[in-house]
Amino acid sequence: MKPLSRREFVHKTALAAAAAQIVSELRAVTAPTPPAASPAASDPGQSTVRWLEGGVPAVRPGTTWGMPWPRGRHPKEASFSLRGADGAPVPVQSWPLAYWPDGSLKWTAHAIPAGVAATASLRLESGAPAAPVAAIQVTESAEAITVDTGVMRVTVGRAGGELIRSMVRDGREIARGGRLVLLRDDRGAADTVRTETFAGVLSRVTVEQAGPVRAVVKLEGAHAAGGRSLLPFIVRLYFHAGGDAIRVMHTIVYNADPQRDFIRGLGLRFDVLLRGELHDRHVRFAGQEDGLFAEAVRGITGLRRDPGREVREAQVAGRATPPTETWDRAVTYRLQYVPAFADWTLCQPNADGFEIRKRTKPGYTWITAAQGQRAGGLGYVGSPQGGVTFGLRNFWQSYPAQLDVRGATGDAAEVTAWFWAPDAPAMDLRPYHDGMGQDTYAKQYNGGLEITYEDYEKGYDSPEGVARTSELYLWAEPATPAREELAARAQAVRQPPVLMATPAYLHGCGVFGGTWTVVDRSSPVRARLEDQLDWHFEFYRDQQEQRRWYGFWNYGDVRHTYDGDRHEWRYDVGGFAWDNSELSTDIWLWLQFLRSGRADVFRFAEAMTRHTGEVDVYHVGRFAPLGSRHNVLHWGCSAKQLRISTALNRRYYYFLTGDERVGDLMREQIEAVRALKQFPPGRKLFAAAEKGDLAREAPADPNLVGVGFGTDWSAIAGAWFTEWERTGDPKIRDRLVASMRGIAAQPRRFFTASAPMRLDTGAYEIVKSDKVAVSHLSAVFGLVEICAELIEQLDEPGFREAWLEYCELYNAPRDVQAKRLGAPLRGNNLTAEHSRLTAYAARQLGRPDLAERAWSEFARGVKGWKAHRVAIKGPAVLRPVDEAANVSTNSTNQLALAAIECLAFAGDALPAT
């Protein structure tokens, strides 16, 4: 990481609103209220949840959500009942997600059946849950697992290549042979290409939940062919009582060789059994918004001879047509001369265009059926005797994507939902440059890092070990659904229904350390701050669309720094390109959602959590489980660090949704500290300081590793604290507490900056030097947030004192720093961003002078904060875009985070009018 030369860099990125106005309105400072002894001190009110987007979703395939509780409210063995707004009981399945230190429930997860809860709100309360009309039945044998939802029966394989062996509804088999497929291009000499097909092979299958409302089956394996195994996968199948849909969460881990393995296609394939005449078989694809492409395999409209109005209307609607003997004989006599189309494809190769093609059979030309901009990602094939609707979420956002139907004129159609479209160019994950001669640490540190902000090292720009998760839905249909039903299903795929507690309730439960408060526009200055926070998010939301921040490996991330000369974000400039969670972009978004409850903020933050937790982090291989610093490629930087892989960026989404995959990602980080032994974060800084190419020697003891008290320890503490919350494991708590006590025992406490940590116990060695050290980055990757929770939930006075000292002194006047520390601090940049530390100290110590100082620090550092965009169009840019000079780097996200947390910690210091 480039050290303190970011001064000018930060100066150019000032965020905030008319600083002079804010300062002038801080004259009536009042004393802040000391923190409550317990986060349960205020009653959060009724435990009510509402649909995220408002109203009631038309399609409800079953929903799971997370619910917080005040400390001491419910014992760990509590059971819950659920009622709709009308008071009617709703079946619910509940399980714990996290516990308070006293053992009471902190977070619980809840699931409801499909199709229920046609009400705008639901209320959870203590009591025995209502039973579903038909509870899910899970039957296990040595060969297979059968899940019966009461509407459909699905057989899941335990071995071999078939994940979903069959889907049966109303006694009829609808689909079979659900398997994973991977196409690999092997590029040889002279650019010759040989395509090889790999098939998914199961190695482990686990039933994670078995009803009565929700069942989850986890399948693990890899794609295999020719004695070789590629791209391990983790697939979870979700079922809800009364449901006719399977939710499929599909994760691949990239373990290929990017120089020779070019992934041409990656998808889920299954066979749909087809019954009835070709003119009664139908293919559907969702288009833009509620648009639908709907055709029959053999069309009988638009012919020279008319079969009859009733026949035409039935086919257009997807209903069974009248018997052919009732048609006009001029049609039935010649029906065999009407082409029947066996193969259909919808391909979305980019974010701005898709094409639908069809052909009669292999060996004959494709004809273009339709084109559009952004497909809905939903398809259907079937007949009045049954079929399957399939939908891939974030279809165009995660381009290239593709939906294929093959053999619709036969007894079974082969359907493939392609997560990576084979009709698009193959994945090319090779480095984007050859290193440009940076073969020593000195060249890397003083060369590339100084000119493009890129931290390059040969072999470190590898994608081996990164992952990607996709979401797919499969509906077993009794007949071809009406067009309106399919449009509603497409909407459910685009935005799966989410239940969520209100911001006031979430805040009243005291979760997430009191680092946020609900939106409050009760005074002019508060209203201006809220307007700016809204504007700031909306600018990034709109930039995602204007700048097309989309793609399989990219969707969910944002850019790091803007280039005003080109009117473009620096997508091709080293360390200024993709953000990769730099300066806690994830945390800013989640706190903004918690306080506002806005659906668009949630969806944006959700996509980022999926991306940063999968693509920006290594899950296997030599760099696992570390993350990669910001770069042109998400894995391109040689700085493999805990600050990117930190569980602190994932826990908001996990606790709000109960998502199992994100739970896995956080658990990967429990022993992440061990990776620092091999990849010390400061190895090049040490080398540059010593004018050599060898990093400073790590501790010789294999059980010791140097761990900084900022970005490294916050990530470690976040992983340990989260695991302790989830399990109550005393061993993990002991490691966490030992590390906290170790920091407090250092000669300069947090200002000692780092020390060797014992890997087995978490205890720090006490360093001998009393030298003061500080980094402007230490507290801006989750340290503020995790310390707030630790101090709230663990009684460690020494640690509390150490952290409050750091919070008070980081931005203190230089004479105060010199008096307390022996010399003023050097390198304490990002002062406005650190105003929230001052505000936290004010809150904890009950000091109005610190609260006033916090707002002054914030105001002084944000002189350019204006909710103002400039539209750029014409030949200066490719397409019309907006830019904002005050949002030119991700540092502005830290300023937004500072505003949120200053309001939470020192909001009482703002004037009431």
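**Questions on a predicted model**

Colleague: Between which two elements is the loop that holds Arg548 found?
Modeller: This is a predicted model, and Arg548 is a residue whose backbone deserves a look, since its phi is positive at about 60° although it is not a glycine. As for its place in the chain, Arg548 lies in the loop between α8 (524–546) and β29 (562–563).

Colleague: Is Arg548 buried, exposed or partly exposed?
Modeller: The relative accessible area of Arg548 is 23%. Buried means under 20% and exposed means over 50%, so a residue with 23% relative accessible area, as Arg548 has, counts as partly exposed.

Colleague: Arg749 also has a positive phi; where does Arg749 lie, and is it buried or exposed?
Modeller: Phi of Arg749 is near 50°, and this residue is other than glycine. Arg749 sits in the loop between α16 (730–744) and β34 (754–758). Its relative accessibility is 18%, and because the limit for burial is under 20%, Arg749 counts as buried.

Colleague: What is the omega of the cis peptide bond from Gly211 to Pro212?
Modeller: Pro212 is found in the loop that lies between β13 (193–210) and β14 (214–225). The peptide bond that joins Gly211 to Pro212 is cis, with omega near 15°.

Colleague: Why can strand β21 be called largely enclosed by the rest of the structure?
Modeller: Strand β21 covers residues 353–359, and it has antiparallel pairing with β20 (residues 343–350) over six bridges and with β22 (residues 367–372) over five bridges. It is described as largely enclosed because, of its seven residues, the number that are buried is six.

Colleague: Which residue of β21 is the bridge partner of Cys347?
Modeller: Strands β20 and β21 form a hairpin, with two residues between them. On the β22 side, Lys358 stands opposite Ile367. For Cys347, the bridge partner in β21 is Glu355.

Colleague: Which strands stand at the edges of the open sheet of five strands?
Modeller: The order of this antiparallel sheet is β4-β3-β7-β1-β28. The two edge strands have a single partner strand each, so one side of each is left without a neighbour in the sheet, and these strands are β4 (89–90) and β28 (499–501).

Colleague: Which residue of β28 stands opposite Trp51?
Modeller: Strand β1 (residues 48–51) pairs with β28 in the antiparallel sense, over three bridges. In β28, the residue opposite Trp51 is Leu499.

Colleague: How much space lies in the largest cavity, and which residues are closest to its centre?
Modeller: Seven cavities of 30 Å³ or more are found in a search of the whole structure, and the largest holds about 380 Å³. It is lined by 28 residues, and the closest to the centre are Thr64, Arg247, Tyr473, Pro496 and Pro497.

Colleague: How many of the residues that line the largest cavity are charged?
Modeller: Elements that give two or more residues to this lining include β2 (63–68), β16 (245–253) and α12 (651–657). By kind, the lining has 13 nonpolar residues and six polar ones, while the charged residues number nine.

Colleague: How many residues of helix α17 are buried?
Modeller: Helix α17 spans residues 783–793. Its buried residues include Glu785 and Glu789 as well as Leu783 and Cys787.

Colleague: How far apart in space are Val705 and Glu765?
Modeller: Val705 is in strand β33 (residues 704–708), and it counts as buried at 2% relative accessibility. Not counting residues up to four places away in sequence, Val705 touches residues including Val673, Leu676 and Met757. Val705 and Glu765 are 60 residues apart in sequence, and their separation in space, C-alpha to C-alpha, is 10.0 Å.

Notes:
Residues numbered from 1 in each chain as written. Predicted model: local features only at pLDDT ≥ 70, side-chain atom pairs only at ≥ 80, totals over all residues. Heavy atoms only, no water. Buried < 20%, exposed > 50% of the residue type's maximum accessible area, 1.4 Å probe, protein only. Helix = DSSP H or I, 4+ residues; strand = E, 2+ residues; numbered from the N terminus. Pairing = 2+ DSSP bridges. 1 Å grid on protein atoms, 1.4 Å probe; cavity = no way out; pocket = protein on both sides within 12 Å on 5 of 7 lines; lining within 4 Å. Points joined across faces, edges and corners; volume = space filled by probe spheres on them. Nonpolar A, V, L, I, M, F, W, Y, C, P; charged D, E, K, R; others polar. Contact = heavy atoms within 4.5 Å.
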